[in-house]
Amino acid sequence: MSTASNTTAAATDTVAERPPVFSVDGLWKVFGPKAARVPADPDLAALGPAELRSRTGCTAAVADVSFDVRKGEVFVVMGLSGSGKSTLVRCLTRLIEPTAGSIAIDGEDVRAMDRSRLRALRRHRAAMVFQHFGLLPHRTVLDNVAYGLEVQGMGRAERRERAAAIVAKVGLEGLEQR
């Protein structure tokens, strides 16, 4: 194959051919007494919510979830209020500890990460915007936007410059000092 053909083939790779950025397999988050028994026991895992709660006192907020998300892919988690979306997302960065299953980000086992590694993951590679968020009222619009960069250790001038670009991008120019 010629060099031109190799270049064309590489440029036309599909999202499905790319390695996963997030890889989740058999993820469970069960709340209640002796929660680990639920995903470990196929009979309990097969129960509906009411029967599981009645027999075990447990609630499976996330039950046997598996998915991969690849670079360039848009991935949406949708569901009714109370269906476990936020719990699932919190499990991805271990803001809530999963009960069972595996989570990998760029091939790295998230469940095996120590506190220091988790802090780095949350600061630099994966984050979430909470459903019920709050701005820091003592900060300006610009400083609220720049806050994540501050947490990452970026210098004041650079983070304010980057935040100003984002403020402009979302149409809030002129409101930076509010």
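Predicted model: local features only at pLDDT ≥ 70, side-chain atom pairs only at ≥ 80, totals over all residues.
**Notebook: salt bridges, sheet and surface patches**

Asp-68 first: at 31% relative accessibility I have it down as partly exposed. Its side chain meets that of Arg-70 in a salt bridge, 3.9 Å from N to O.

I looked up Glu-108 and found it bridged to Arg-117, with the closest N and O atoms 2.8 Å apart. Glu-108 is partly exposed at 24% relative accessibility, and Arg-117 is partly exposed too, at 31%. The pair belongs to a network of salt bridges that links Asp-106, Glu-108, Arg-117 and Arg-125.

Then Arg-159, whose side chain meets Glu-150 in a salt bridge at 4.0 Å, N to O. Is Arg-159 buried or exposed? Buried: its relative accessibility is 13%, and the cut-off for buried is under 20%. Glu-150 has a relative accessible area of 29%, so I logged it as partly exposed.

In what order do the strands run? I read 2-1-3-4, an open sheet of 4 strands with antiparallel pairing. Strand 2 and strand 4 (108-109) are at the edges with a single partner strand each, so one side of each has no neighbour in the sheet.

I checked the pairings of strand 1 as well. Strand 1 (residues 20-31) runs antiparallel to strand 2 (residues 59-70), with 8 bridges between them. With strand 3 (residues 100-105), strand 1 makes 5 bridges, again antiparallel.

Which residues sit across from Phe-22? In strand 2 I found Val-69 opposite Phe-22, and in strand 3 the bridge partner of Phe-22 is Ile-105. I also looked up Val-24, whose bridge partner in strand 2 is Phe-67.

Last, the surface patches. Which residues form the positive one? Arg-115, Arg-119, Arg-122 and Arg-123 do. I placed Arg-123 in helix 6 (residues 115-124), and with a relative accessible area of 36% Arg-123 is partly exposed.

There is a nonpolar patch too, about 310 Å², made by Val-145, Ile-166, Val-170 and Leu-172. I traced Leu-172 to the segment after helix 8 (156-169). Leu-172 is partly exposed, its relative accessible area being 33%. Patch members need over 30%, so Leu-172 passes on that score.

Notes: Residues numbered from 1 in each chain as written. Heavy atoms only, no water. Patch = residues over 30% accessible without salt bridge, like charges linked within 9 Å, V, L, I, M, F, W, Y side chains within 5 Å. Areas by Shrake-Rupley, 256 points an atom, 1.4 Å probe, with all protein chains shown as cover. Lys, Arg positive; Asp, Glu negative; His and termini not counted. Charge placed at Lys NZ, Arg CZ, Asp CG, Glu CD. Helix = DSSP H or I, 4+ residues; strand = E, 2+ residues; numbered from the N terminus. Buried < 20%, exposed > 50% of the residue type's maximum accessible area, 1.4 Å probe, protein only. Pairing = 2+ DSSP bridges.
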